[in-house]
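Please look over this structure with me.

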Amino acid sequence: MSKIVLVGANHAGTAAVNTILDNYENNEVVVFDRNSNISFLGCGMALWIGEQIKGPEGLFYMTKERIEEKGAKVHLETEIQHIDFEKKVVKAVNKNGEVINETYDKLILATGSLPISPKIKGSNLENVQFVKLYQDAQKAIELLPNKDIKRVAVVGAGYIGVELAEAFQRCGKKVTLIDAAESCLTRYYDSEFRKKMEDNLRNKGIDLQFNQMVSEIKGDTKVEGVLTDKGEYDVDMVVLAIGFRPNTDIAKDSLETFKNGAYKVNLNQQTSKEDVYAIGDCATVYDNSIQDTNYIALATNAVRSGIVAGHNVCGTKLESIGVQGSNGISIYDLKMVSTGMTLEVAKSRGYDAESADWADLQKPEFIEDDNTEVMVKIVYDKATRRILGAQMASSIDISMGIHMFSLAIQEQLTIDKLKLLDIFFLPHFNKPYNYITMAALSAK
Ligand SMILES: Cc1cc2nc3c(=O)[nH]c(=O)nc-3n(C[C@H](O)[C@H](O)[C@H](O)COP(=O)(O)OP(=O)(O)OC[C@H]3O[C@@H](n4cnc5c(N)ncnc54)[C@H](O)[C@@H]3O)c2cc1C
Ligand SMILES: NC(=O)c1ccc[n+]([C@@H]2O[C@H](COP(=O)([O-])OP(=O)(O)OC[C@H]3O[C@@H](n4cnc5c(N)ncnc54)[C@H](O)[C@@H]3O)[C@@H](O)[C@H]2O)c1
């Protein structure tokens, strides 16, 4: 029997605690989270703000009570403030200021990430909003009916920024989307895909302001505008979405960390201390596309790493198979999915990379209804022929296609292996010369 203490009970922590309690008996499991709720799906935030779902109820999939029914002790609104790794004790403080000192045999850190806060004047003004927690979404939603808030600037045109730009436009706000990079979604897509998303956003009246750094948020007490190195925009609300940083302050001086401060873990999710595991957004991942350690903050990685750690702390040796950073976005009618590296990222990392591209109708021309274009790009290494990444875009759901590319990268397949891959044909789904085959065959 082991005593397992878990710090953080959102996606990674919930996955670990479920794995432990569903598969193993006789462990003592104690869970701490400083928030009042657990398992909030941030991915539903934009749908909630944009009124595409009725409310937030369905955005939670686990409760303190359900975890306790399975046998763990859960302390919510209780923050871990110190860890004594020698004595194996965590010090927790609850909302009433009471201190709990809890010993452990195995410790799992699942403290996640925090939104990056730009060091600019005005970031503490009223109506400046971060978007991470359930409470952040609640605050944003409370502001929406306010007639004084007509114009919203979203700073950061990554995944969160683009999704929220759509959400605020859907509820009648005039939206300006600002990014330091030359376009939106630069981490995930090459320029021809980004152009599609830019056109999509512009068509809905979203003002795109790229290649500029925000230097100040203007206003006396409330937001009145945003100043960048290229211009000034009159807005009533500012949403900051410029990325996440790992939340590792409590142990970053005691454990080995990655260049961005994430806890470095091995394939068993073990940190540099044998009995201490780290999972989710506070930890590194093994990235099969670069064949090296990386930091990729995604709920999917959080869940998988929680499962791996859950088995390992209970004595079953299980190794992560690594990740590809597979991701997707759906904005108005445009769906885009990607995995691994873009061509730009691959080149910037020093690969002699090339891409095989194809765009075609999904189904044969004689299918006149629901037949739309699909764009696919496969990135590969010219010398080894190894597939490094893939991107797809369409107005239909092409998400299952990207999972195949994800597996191909995981298994280190070459582009040539895809050329004659057995892909079935049925006019309802695709063409005999389907877009994946054609893209692969076009590889030089
Ligand atoms: C708006 C938005 C949309 C997103 N959409 C997607 C998506 O579509 N797909 C996707 O894959 N990912 C998405 N993500 C990313 C995803 O939410 C994160 O990768 C995921 O939440 C990571 O889970 P985690 O459990 O590792 O960390 P977190 O969710 O950050 O949870 C960490 C937990 O630890 C607790 N904690 C922290 N410090 C302490 C402490 N000292 N003591 C006690 N408790 C502590 C926190 O209260 C929190 O509950 C989105 C994120 C946001 C904000
Ligand atoms: N659909 C999804 O899978 C999904 C949705 C939301 C969030 N997430 C994940 O959550 C994490 C956080 O998302 P995010 O959108 O905050 O990060 P992100 O990395 O996707 O985007 C951050 C953006 O902010 C820009 N930026 C950085 N500093 C800036 C500055 N000072 N001024 C202006 N722009 C600046 C970057 O160029 C980038 O475009 C990511 O790992 C993301 O993949 C995933």
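1. Start with how residues are sorted. Ala, Val, Leu, Ile, Met, Phe, Trp, Tyr, Cys and Pro count as nonpolar; Asp, Glu, Lys and Arg count as charged; the others, Gly among them, count as polar. By that sorting, the shell around ligand 1 holds 13 nonpolar, twelve polar and five charged residues.

2. Some ground rules. This is a predicted model, where local features need pLDDT of at least 70 and side-chain atom pairs count only at pLDDT 80 or more, while totals for chains, interfaces and linings use all residues. Residues are numbered from 1 along each chain as its sequence is written, chains are lettered from A and ligands numbered from 1 in the order in which they are written, and side-chain values use heavy atoms, with hydrogens and water left out.

3. Now the domains. The protein chain is assigned domain 1 (3–114 + 246–313), domain 2 (117–242) and domain 3 (333–441). These bounds come from an automatic or database domain assignment. Between the C-alpha centres of domain 1 and domain 2 there are 29 Å. Their contact (heavy atoms within 4.5 Å) takes 15 residues from domain 1 and 17 residues from domain 2.

4. Which residues come nearest to ligand 1? They are Asn10, Ala12, Asp33, Lys132 and Asp281, out of 30 residues around the ligand. A residue is near a molecule if one of its heavy atoms lies within 4 Å of it. Domain 1 and domain 2 each give at least three residues to this shell. Helix H1 (11–23), strand E4 (78–84) and helix H7 (299–313) each supply at least two. Helices (H or I, at least four residues) and strands (E, at least two) are DSSP runs, numbered from the N terminus.

5. The side chain of Asn10 has an N or O atom 2.7 Å from an oxygen atom of ligand 1. Alone, ligand 1 exposes 1,000 Å², and the protein buries 89% of that. Accessible areas come from the Shrake-Rupley method with a 1.4 Å probe.

6. Turn to ligand 2. It has 20 residues around it, and the closest are Ile160, Asp179, Arg187, Tyr188 and Ala297. Helix H5 (residues 159–170) gives the largest share of this shell, three residues. The shell divides into 13 nonpolar, four polar and three charged residues.

7. What does ligand 2 contact? An N or O atom in the side chain of Asp179 is 2.6 Å from an oxygen atom of the ligand. The side chain of Tyr188 also has an N or O atom 2.6 Å from a ligand oxygen atom. A polar side-chain atom of Glu163 lies 3.2 Å from a ligand nitrogen atom. On its own, ligand 2 has 840 Å² of accessible area, and the protein covers 82% of it.

8. Is Gln362 buried or exposed? Gln362 is buried, because its relative accessible area is 12% and the cut-off for buried is under 20% (exposed is over 50%, partly exposed in between; 1.4 Å probe, protein chains only). Gln362 sits in the loop between strand E23 (353–361) and strand E24 (373–381). Glu274 lies in the loop between strand E17 (244–246) and strand E18 (276–278), and is exposed at 60% relative accessible area.

Technical notes. Polar contact = N/O pair within 3.5 Å; in protein donor to acceptor, adjacent residues only side chain to side chain.
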